[in-house]
Amino acid sequence: MASTNDLKNGMVLKLDNGQLWSVVEFQHVKPGKGPAFVRTKLKNVLSGKIVDKTFNAGVKVETATVDRRDMQFSYMDGDYFVFMDMQTYDQLHVSRPSVGDAANFLIEGFTATVATHEGEVLYVELPAAVELVIAETEPGVQGDRSTGGTKPAKLETGYTVQVPLFITTGEKIKVDTRSGDYLSRVNS
């Protein structure tokens, strides 16, 4: 248990029949008249839904212990992604729904943050950007550097992103893992 005065960004609260909510932002408000309160923006850990919630100042809220560990993606085992803890070498099988959109950018050897609560995997988080190789795209056209046009390109993971016309098959690019957008070409 913690007081609403102790809230911090990233803290995970157990509210509404045991649902887990992460504090995205919070603000202590002391109006001139009436009691102080805490205005928060909370994100549901499992669904990603964001809600605004107001608490009276000093009210006790139940906190949840979420264990975040950096793990390396090893391989696919049927519908499960197998991650290995690099300290203990324990393997963890994570279901596709728990991996979510991160599955579009995972290749063997990538390090991701796996969050668990009471032994249950909540989500898998990748770095903000990853570097991947273009597996297949239409040939680049010389001189197509300033038109701003894009074309589809299939990444080595099988996910398709829109890239500038000058990108060719075999090139390494940087992709934003939150939006799936092309960021830049990687010079090797």
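1. Let's start where domain 2 meets domain 3: five residues of domain 2 are in contact with 10 residues of domain 3 (contact means heavy atoms within 4.5 Å).

2. A word on what you're looking at. This is a predicted model, in which local features need pLDDT of at least 70 and side-chain atom pairs count only at pLDDT 80 or more, while totals for chains, interfaces and linings use all residues. Residues are numbered from 1 along each chain as its sequence is written, and side-chain values use heavy atoms, with hydrogens and water left out.

3. Now the largest pocket, which has a volume of about 790 Å³. For the record, a pocket here is an open set of points on a 1 Å grid over the protein atoms alone, where a 1.4 Å probe fits, with protein on both sides within 12 Å along at least five of seven lines; lining residues have an atom within 4 Å of a point. Grid points are joined across faces, edges and corners, and the volume is the space filled by probe spheres set on the points.

4. Where does the largest pocket lie? Domain 1 (11–56) and domain 2 (67–125) both give residues to its lining, so the pocket lies between them. It is lined by 27 residues, and Lys 43, Val 45, Tyr 123, Val 124 and Glu 125 lie nearest its centre. Strand S3 (19–29), strand S4 (37–44), helix H1 (96–99) and strand S11 (120–125) are the elements that give two or more residues to the lining, and S11 gives the most, with four. Helices (H or I, at least four residues) and strands (E, at least two) are DSSP runs, numbered from the N terminus.

5. What is the lining of the largest pocket made of, by class? There are 13 nonpolar, nine polar and five charged residues. In this scheme Ala, Val, Leu, Ile, Met, Phe, Trp, Tyr, Cys and Pro count as nonpolar, Asp, Glu, Lys and Arg as charged, and the others, Gly among them, as polar.

6. Glu 125, one of the residues nearest the pocket centre, is found in strand S11. At 41% relative accessibility, Glu 125 counts as partly exposed (buried is under 20% relative accessible area, exposed over 50%, partly exposed in between, with a 1.4 Å probe and protein chains only). Leaving aside neighbours within four places in sequence, Glu 125 is in contact with Ala 112 and Thr 113. Glu 125 and Asp 70 are 55 residues apart in sequence, yet 9.3 Å apart in space, C-alpha to C-alpha.

7. Over in strand S3 there's Leu 20, which counts as buried at 10% relative accessibility. Not counting residues up to four places away in sequence, Leu 20 touches Val 12, Leu 13, Lys 14, Lys 43, Asn 44, Val 45, Ala 64, His 117 and Leu 122. Two of those names, Lys 43 and Val 45, also turn up among the residues nearest the pocket centre.

8. UniProt lists residues 68–122 for "domain: Translation elongation factor P/YeiP central", in an unreviewed entry; positions are in the numbering used here, feature names are shortened, and annotations may be inferred rather than shown by experiment. Over residues 68–122 the chain is 7% helix and 56% strand, with the end C-alpha atoms 10 Å apart.

9. Phe 81 lies in strand S8 (residues 80–85). Is Phe 81 buried or exposed? At 3% relative accessibility, Phe 81 counts as buried. Beyond neighbours within four places in sequence, the contacts of Phe 81 include Phe 73, Tyr 75, Met 76, Leu 92 and Leu 106. Thr 116, in strand S10 (residues 111–117), is buried too, with a relative accessible area of 16%, and Leu 92 is among the contacts of Thr 116.

10. Most residues other than glycine have a negative phi. Tyr 89 lies in the loop between S8 and strand S9 (91–95) and counts as exposed, at 55% relative accessibility.

Note on methods: Domain bounds come from an automatic or database domain assignment.
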